[in-house]
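Subject: Structure handover

Hello,

Here is the structure I said I would pass on.

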Amino acid sequence: MNTSSNTTSSLTSIQEMLHEFIQHQQRIDMEWRESMDKHSYERLLFEQEWQKSMEKLERERIMLEQTWREKEEHRRMRDESRAEKRDALLTSLLYKLIHEDHH
């Protein structure tokens, strides 16, 4: 009986060890999954923030480009206005010179 009792005790001990090992592995797997889920979530947040930053930079670039175009258009209009005034002044001076020579 003693041998049978030892065998039963050994089997029970092995079963307990196996049960503890499986539980331990399950805890490790669960922690690993949680860690991976957390990592995935953090990566998603990071990618969303990066995307928002890139969109903001693109909007800023477009606004700066539009401002530059508007300034260039104003400069061009001022240059054209100056050229028209200069041409009108030269035309007026030439007209006066031509008429003074004939009188």
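The notes below go from the overall fold to the charged side chains.

Please keep in mind that this is a predicted model.

Overall fold

The protein has one helix and zero strands. Its radius of gyration is 44 Å, whereas the globule rule gives 13 Å for 103 residues, so the protein is more spread out than a compact globule. The C-alpha trace spans about 150 × 10 × 5 Å along the principal axes.

Burial follows the cut-off of under 20% relative accessible area. Buried residues make up 0% of the 103 residues. The accessible surface is about 10200 Å², and carbon and sulfur atoms account for 59% of that surface.

The annotated region

UniProt, in an unreviewed entry, lists residues 47-74 as "coiled-coil region". In the model this span is 100% helix and 0% strand, and its end C-alpha atoms are 40 Å apart.

Charges and salt bridges

There are 17 positive and 22 negative side chains in the protein, with 7 Å between the centres of the two sets. Side chains of opposite charge can pair when their charged atoms come close. The count of salt bridges comes to eleven. Three of them are described here, including their accessibility.

- Glutamate 47 and arginine 43 form a salt bridge, at 2.9 Å from N to O. Both residues lie in helix α1 (residues 2-102), four residues apart, which is about one turn of the helix. Glutamate 47 counts as partly exposed because its relative accessibility is 37%, and arginine 43 counts as exposed because its value is 52%.

- Arginine 69 and glutamate 65 form a salt bridge, at 2.8 Å from N to O. These two are four residues apart in helix α1, so about one helical turn separates them. Arginine 69, at 51% relative accessibility, is exposed; glutamate 65, with a relative accessible area of 31%, is partly exposed.

- Arginine 76 and glutamate 73 form a salt bridge, at 2.3 Å from N to O. In helix α1 they are three residues apart, again about one turn. Arginine 76 is partly exposed at 33% relative accessibility, and glutamate 73 is partly exposed at 34%.

The pair of arginine 69 and glutamate 65 also belongs to a network of salt bridges that links Glu58, Arg61, Glu65 and Arg69.

Regards

Conventions. Residues are numbered from 1 along each chain as its sequence is written. This is a predicted model: local features need pLDDT of at least 70, side-chain atom pairs count only at pLDDT 80 or more; totals for chains, interfaces and linings use all residues. Side-chain values use heavy atoms; hydrogens and water are left out. UniProt positions are given in the numbering used here, feature names are shortened, and annotations may be inferred rather than shown by experiment. The radius of gyration is taken over C-alpha atoms; the globule rule is 2.2 Å times the number of residues to the power 0.38. Buried means under 20% relative accessible area, exposed over 50%, partly exposed in between (1.4 Å probe, protein chains only). Accessible areas come from the Shrake-Rupley method with a 1.4 Å probe; for residues, only the protein chains shown count as cover. Lys and Arg count as positive and Asp and Glu as negative; His and the chain ends are not counted. The place of a charge is taken as NZ of Lys, CZ of Arg, CG of Asp or CD of Glu. A salt bridge is a side-chain nitrogen of Lys or Arg within 4 Å of a carboxyl oxygen of Asp or Glu.
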